Amino acid sequence: MKIEEIIQPLQASLQYAYELKEDSDSYGNKLLWLKLDDKRDVINVARVVANLGGRCVTATAYKTDDGHVIIYHLDVDGIIINMEAHTTNNIIDSITPLLPSADWAEREFREMYGIEPIAHPHNERLFLDESIMKGVLNRYIPLSKMMLGVSESDILWERVEKENKA
């Protein structure tokens, strides 16, 4: 399948005109990046991917200052579509009814970040014990931020800076 055969039905299905950025990785694999301004369009994209015989490879979620970003990594005939959606109320429409391969990824971000995939067919947890609150990862500082020293406390960096001046 050619990338144009994916772009045309995607653009036709969306409520708004979004920029689709084409890219490729170091192996020459084709990638599409789609940042949605309206998270309700995740269903439209999932429907197109399903109609083209595609699947959800995985999803990535991370916390922002005002909510969460979810990036679905979808595959259509070897072409990866990275669909990004932002939620400020911790809910997003589930794509699992259209792409069953999204099941575990959506359950994982529900469990780990407290993001609720609306109309998801399975409510049971994957990994964490029921006694652990949903969204537990929202309570911790990401390792990437900690390694950069962007934590709530600057004590460590103040000490390093003080010792460097001495």
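Which residues touch the most other members of the largest nonpolar core? The legends below concern a predicted model, and the opening view gives the reply.

**Figure 1. Close-up of the largest nonpolar core of the predicted model.** The core comprises 36 residues, and Tyr 72, Leu 74, Ile 95 and Phe 109 are those in contact with the most other members. Two or more residues are supplied by each of the helices α1 (4-13), α2 (41-51) and α3 (103-113) and by each of the strands β2 (30-35), β3 (55-64), β4 (67-76) and β5 (79-87). The greatest contribution comes from α2, with six residues. In soluble globular proteins, nonpolar side chains tend to be buried together.

**Figure 2. Surroundings of Tyr 72.** Residues up to four places away in sequence are not counted here. Tyr 72 touches Cys 56, Thr 58 and Ala 59, and also Ile 81, Asn 82 and Met 83. Further contacts of Tyr 72 are with Ile 92, Asp 93, Ile 95, Glu 106 and Phe 109. Two of these partners, Ile 95 and Phe 109, are named together with Tyr 72 among the core residues that touch the most other members.

**Figure 3. Contact between helices α1 and α2.** The two helix axes come within 9 Å and cross at roughly 145°. The crossing of α1 and α2 is right-handed. From α1, the contact involves Pro 9, Leu 10 and Ser 13, while α2 contributes Asn 44, Val 45 and Val 48. By class, the residues of this contact are four nonpolar and two polar, with no charged residue.

**Figure 4. Hairpin of strands β1 and β2.** Strand β1 (residues 20-24) runs antiparallel to β2 and is joined to β2 by five bridges. Asp 23 stands opposite Leu 31 of β2. Five residues lie between the strands of the hairpin, in which Gly 28 adopts a positive phi near 90°.

**Figure 5. Positive phi at Asp 77 and Asn 90.** Most residues other than glycine have a negative phi. Asp 77, although not a glycine, has a positive phi of about 50°. Asp 77 belongs to the loop between β4 and β5 and is exposed, because its relative accessible area of 53% is over 50%. Asn 90, likewise not a glycine, has a positive phi of about 60°. The loop between β5 and β6 (91-93) holds Asn 90. With a relative accessibility of 27%, Asn 90 is classed as partly exposed.

Conventions:
Residues numbered from 1 in each chain as written. Predicted model: local features only at pLDDT ≥ 70, side-chain atom pairs only at ≥ 80, totals over all residues. Heavy atoms only, no water. Core = buried A, V, L, I, M, F, W, Y, C linked by side-chain atoms within 4.5 Å. Buried < 20%, exposed > 50% of the residue type's maximum accessible area, 1.4 Å probe, protein only. Helix = DSSP H or I, 4+ residues; strand = E, 2+ residues; numbered from the N terminus. Contact = heavy atoms within 4.5 Å. Pairing = 2+ DSSP bridges. Axes fitted to C-alpha atoms, helices over the stretch in contact; angles between N-to-C directions. Left-handed = near helix turned anticlockwise from the far one by under 90°. Nonpolar A, V, L, I, M, F, W, Y, C, P; charged D, E, K, R; others polar.
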